[in-house]
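This briefing covers selected side-chain surroundings, ring pairs and charge-over-ring placements in one protein model. The sequence and structure are shown first.

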Amino acid sequence: MKYSLKPKYHFFPITGWLNDPNGLIYYKNKYHMFYQFNPSNPEWGAMHWGHAISDDLFKWKHLPVALYPEKTFDDNDISGIFSGSAIEKDGNLFLMYTQFFDPKCYENHEKEQQCIAFSSNGIDFEKYSKNPVISTPPTKLFHDFRDPKVWWGEDSKYYCVLGSGEENIGKVLLYSSEDLKKWEFENTLIKMDPEEFEPIIECPDFFKLGNKWVLIFSAGFLTEGARKNYYVTGNFEKNKFFPEYYGELDLGNDIYASQTFLDEKGRRILIGWVHTPERYNYTKEEGWAGIMSIPRKLSINNGLLIQEPVEEINNFIENIEKPEIKNDTFSIKELENCFMLEIDNSNEKFEISLENSKDKIIFSISSRDLEITEIRNKKKEYRDFYHLESEIKNLRIFFDKSSFEVFINSGETVCTWRIYPHDNYSKLNFKDLPPEAIKIRKINNSLFD
Ligand code: FRU
């Protein structure tokens, strides 16, 4: 049987295209996830909001599309519902999103306007009849203006942050409102250096964690040509942000547009879109594209953001007896590329690799350095080298068919990749590492109800 790239515990669209997570919220005893969705084919196109619910963040039930694009002129019109967020108000579920108007069809129209929709059952949504609620950016010089992330402030007002670009400078904008319908521009929270970053910030999120404020956003770094998630921790007073520490949310190149929410247990949980822009042809052949990351619980330690898989993941991780070992190799075929490796190590330098007859992934660790190489069809397809802020002491690597997420030093650093093997890996090889330093656990989840 042909190897399937479909994950077993990472949310994906079954059919069609998925990008950013939207409107993450715990509402009426369920986790809700909306997402950028093109149901017609596994390519980006006129955006809808797909919708799913869950009790535990790992078993999901797909619901009908929550928001459809406005009427289209013709098949070339890619106007649609861009990213946004959710909030509960008076028992109703409100969605705040960007209405995107395709400039080639709407020539003299604002390209992006902020709108709301609401629902009393969390399933059927009605767009507000007086949309948009923010019709223009603060000045005419903005070329991008989207992705509202809304929250209820401690001073009993609603706030939202928006991603934007003004005169080729990426900016995060802050707005406030008494009622979600009338919004006022407050301030610019941060500006990017145009020498270093592309001229737009996308998908910002801003929240308090411990006694600090955290700003998360997505942007393109010019010299590396990579589009990544970043975070800044600092202080927020009145309507001004005072940054203290800048970091990369994830070292990998394959995660973007992450969004967070606060759940009923008081956890700040992050989910990101995991995708390889240049290589998604491999899953397109199966009729779908894009997965979500493992939901990660956030905390803060000395200004550093710590990310760990939410504890619900332990419900379906099985402790297995050590598979057979021969010459520093474990046999892992029966794990079917759905497993977790845990490495607690005192050696400064070691290597592990996984392989089948055509493909191989190699993780080489040396003190603070991590190098990852992907060999596909016996050819080197991808390699990246990361220099960490502290020595690598422990790793947890979660594999799920076509991705892995590495949590290093108990979540101080995370690195996410999509991978495209032809078959299950059959061997796990290790060098300079005693077998007792490696724990292998099978993951056994059924993703959809
Ligand atoms: C980020 C993004 C958002 C936008 C959405 C459109 O991936 O470009 O800025 O709202 O995707 O699908």
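Phe-404 is buried, with a relative accessible area of 0%. The model is a predicted one.

**Phe-404 and Phe-399**

- Phe-399 is likewise buried, at a relative accessible area of 1%.
- The ring centres of Phe-399 and Phe-404 are 5.7 Å apart.

**Other aromatic groups**

- Across the whole structure, a search finds 44 aromatic pairs.
- One aromatic cluster is made up of Phe-11, Phe-12, Tyr-35, Phe-37, Trp-60, Trp-288 and Phe-448.

**Arginines over tyrosine rings**

- Arg-376 places its charged end over the ring of Tyr-282, at 3.8 Å from the ring centre.
- Arg-279 has its charged end over the ring of Tyr-382, and here the distance to the centre is 4.8 Å.

**Asn-229**

- Asn-229 is part of strand 15, which covers residues 226-237.
- With a relative accessible area of 1%, Asn-229 is buried, because buried means under 20%.
- Its side chain makes a polar contact of 2.6 Å with the side chain of Ser-218.
- Beyond its neighbours within four places in sequence, Asn-229 is in contact with Phe-217 and Ser-218, with Glu-248, Leu-249 and Asp-250, and with Ile-255, Tyr-256, Ala-257 and Ser-258.

Technical notes
Residues numbered from 1 in each chain as written. Predicted model: local features only at pLDDT ≥ 70, side-chain atom pairs only at ≥ 80, totals over all residues. Heavy atoms only, no water. Helix = DSSP H or I, 4+ residues; strand = E, 2+ residues; numbered from the N terminus. Buried < 20%, exposed > 50% of the residue type's maximum accessible area, 1.4 Å probe, protein only. Polar contact = N/O pair within 3.5 Å; in protein donor to acceptor, adjacent residues only side chain to side chain. Contact = heavy atoms within 4.5 Å. Phe/Tyr/Trp six-rings, centres within 6.5 Å; stacked < 30°, edge-to-face > 60°. Lys NZ or Arg CZ within 6 Å of the ring centre and 35° of its normal.
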